[in-house]
Amino acid sequence: MQYATLGTNGPKVTTIGFGAWAIGGRDWGETDDQVSKNALNSALDRGINFIDTADVYGFGHSEDLIAEVLSARKSGNVVIATKAGNDFYHGSDQDDVGYGPYRQNYDKDYLVSATEKSLQRLKVESLDVLQLHSPDTDKLERDDPWEALAYLKEQKMIKSAGWSVQSFKETEQAKFLDKYHELIDCIQVRYNLLERDAEEVLFPKAQEYGIGVIVRIPLLFGLLTGKFDRNTTFGEDDHRRFNLAPEKLKKYLDQLEQMQPLFDAYPDQTMAQVSLRFCISHPACTVAIPGAKNPQQVEDNAKASELGPIPAEKIPALG
Ligand SMILES: NC(=O)c1ccc[n+]([C@@H]2O[C@H](COP(=O)([O-])OP(=O)(O)OC[C@H]3O[C@@H](n4cnc5c(N)ncnc54)[C@H](OP(=O)(O)O)[C@@H]3O)[C@@H](O)[C@H]2O)c1
């Protein structure tokens, strides 16, 4: 595995990590905990040392599973990045916009109490990375979320302060790095072959300020592995029924055809590997965190770390 430093003062992490949303068991169709634990163990066996999760994934279940696997292995050298701000502790059915009952809450008191609960679930004394979980822009205009991160750092409840930038708001929200770059160690960003808005303003600022970048949705929810077609549908309990609804799926699949020369250039590599290599080839990007539900997916994805960067001239422009 190849390593990179997550922000100027951050930990050394493998350039491919493990995205632990799906193993939470909500939002992605049915999962089997034993298979999920096998997937996590497979990642650790391959040397992956970075896991991204959130308190809200499975309403605590993703963090619980990670703690269970790590304590059984007695592994201490794994960096866990979690998130807070999606309050499922007090959610009501009116708050449910498709991911279950929870609401955004970035009040300082709430973020501190959510951090305490994540510390308990993950069975650690200090969180390696705590990220604000994709706040709306108006929430970021308030002092509270930033004061919470500063306080949590001072209290040594977290080692690194992170912020997961809301999807499709990469340019609008980039300005917050100008104000808070001394506090923020890393950001998490939606970025993949078909969604490159972060390249315009956000990535240059992250590079300027020495802020690490965690790349999420690097496989566009599985689409960039090449396994979906125009007739693919998703179950009621799978968020892709709206995030990859037929019109969106069609648009993405049309764009995917434009990437074919890139996949053809690497006939010995899977589409997942080429897609992940694209993400970690950008000099701003530290680690890509493909979600994986089973050991086979982990094995496929982990290999991308070793394959090195893709030369910029080989990457087709997006039409
Ligand atoms: N707001 C936020 O902060 C936020 C939002 C989204 C994600 N994230 C984080 O980013 C991580 C990654 O994003 P993501 O999981 O949403 O999307 P992703 O990594 O683009 O796609 C993951 C899904 O693709 C499929 N897959 C993965 N590897 C595969 C392979 N080699 N071959 C075939 N299929 C494969 C699996 O689903 P199937 O097998 O069911 O197809 C898997 O759950 C998440 O796990 C989470 O940690 C954060």
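The model is predicted: local features need pLDDT of at least 70 and side-chain atom pairs count only at pLDDT 80 or more, while totals for chains, interfaces and linings use all residues. Residues are numbered from 1 along each chain as its sequence is written.

Colour next by secondary structure, which comes to 13 helices and twelve strands (DSSP runs numbered from the N terminus: helices H or I of at least four residues, strands E of at least two). Buried residues make up 44% of the chain; buried denotes 20 or more other C-beta atoms within 10 Å of a residue's own, exposed 12 or fewer, and partly exposed in between, with C-beta atoms placed from the backbone.

Now select helix 12, residues 271–281, where ten of the eleven residues are buried. Among them are Met 271, Leu 276, Phe 278 and Ile 280. The buried residues of this helix pack against strand 11 (212–216), helix 11 (260–265), strand 12 (287–288) and helix 13 (295–302).

Proceed to Asp 27, in the loop between strand 3 (18–19) and helix 1 (33–45). Its phi is positive, near 75°. Asp 27 counts as partly exposed because it has 19 C-beta neighbours inside 10 Å.

Finally, select Ser 134, in the loop between strand 8 (127–133) and helix 4 (137–141). Ser 134 has a positive phi of about 50° and counts as buried, with 21 C-beta neighbours inside 10 Å.

Key: Two residues are in contact if their C-beta atoms, placed from the backbone, lie within 7 Å.
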